[in-house]
Amino acid sequence: MVECFDINFSDLSVDDKDKQFHSVVGHIEDILMEDEFVAMHNAFMEKHWTEFEDTEENKFIYTDIFREYGRTIEKYIEEELNDRVPNFNMIQFENELKLRQHDLDGEIFEMLATFSDFCAFKMMFLDYKNVSLRMECYKNIIQSFCLFMIWLKMKEGRTVDFSLDLSVSKYVVNPF
């Protein structure tokens with residue numbers, strides 16, 4: 001009988017500093033995927049995206065929004081990391097990010113760049129704005145098409161049964 005062993009060579013070739021860095025990055029990936037973070041980030045983006053314009057000149061309000069972003073989003077991630085990573089130090093992690101910035105690629109590092117790089121922050125908002133405007137446009141096109149179909153059916157003498165498009169659900173107002 002032959003015994004098989006699983007050997008993880010990545011653990012053998014990486015020093016403790018790299019392991020710590022990759023562990024923190026893994027925790028950040030987890031945080032960014034959690035519903036609570038996604039909801040908070042989307043609410044922040046929804047609140048401010050209309051302020052941003054794709055021009056060379058920056059408005060003064062951008063600075064206030066950038067600071068608020070750091071106070072809410074960055075603070076949330078830091079608090080989560082403090083809970084998940086023993087002896088976590090955000091300043092050390094930020095320094096490590098700066099040292100490795102040329103080696104890092106991917107969405108997580110783009111997100112982390114928005115905390116310190118104003119241009120990345122502004123681009124994030126401009127991208128969000130473009131998507132929001134497209135979604136508004138698609139929504140308007142669909143509404144117009146639906147209204148056109150209703151008009152066409154009514155013109156042909158057919159009735160439209162609106163009850164097929166209606167649903168009833170409980171609506172609860174959150175007092176907070």
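Let me start with the contacts of Lys-122. Setting aside neighbours within four places in sequence, Lys-122 is in contact with Phe-52, Glu-53, Thr-55, Glu-56, Glu-57, Asn-58 and Tyr-62. Keep in mind that this is a predicted model. Lys-122 itself belongs to helix H7, which covers residues 118-155.

Which side chain of opposite charge is nearest to Lys-122? That is Asp-54, 5.9 Å away. Lys-122 is buried and has no salt bridge. A salt bridge would need a side-chain nitrogen of Lys or Arg within 4 Å of a carboxyl oxygen of Asp or Glu. What Lys-122 does have is a polar atom of its side chain lying 2.7 Å from the backbone oxygen of Thr-55.

Staying in helix H7, the next residue is Met-124. Is Met-124 buried or exposed? Its relative accessible area is 15%, so Met-124 counts as buried, the limit being under 20%. Beyond the neighbours within four places in sequence, Met-124 is in contact with His-41, Met-45, Tyr-69 and Thr-114. Met-124 and Glu-110 are 14 residues apart in sequence, and their C-alpha atoms are 8.9 Å apart in space.

That brings me to His-41, one of the contacts of Met-124. His-41 sits in helix H3, residues 35-48. With a relative accessible area of 10%, His-41 is buried too. The side chain of His-41 makes a polar contact, at 3.3 Å, with the side chain of Tyr-69. Again leaving out neighbours within four places in sequence, the contacts of His-41 are Tyr-69, Ile-73, Met-111 and Met-124.

How values were computed
Residues are numbered from 1 along each chain as its sequence is written. This is a predicted model: local features need pLDDT of at least 70, side-chain atom pairs count only at pLDDT 80 or more; totals for chains, interfaces and linings use all residues. Side-chain values use heavy atoms; hydrogens and water are left out. Helices (H or I, at least four residues) and strands (E, at least two) are DSSP runs, numbered from the N terminus. Buried means under 20% relative accessible area, exposed over 50%, partly exposed in between (1.4 Å probe, protein chains only). Lys and Arg count as positive and Asp and Glu as negative; His and the chain ends are not counted. A polar contact is a pair of N or O atoms within 3.5 Å; within protein, one must be able to donate a hydrogen and the other to accept it, and residues adjacent in sequence count only if both atoms are side-chain atoms. Contact means heavy atoms within 4.5 Å.
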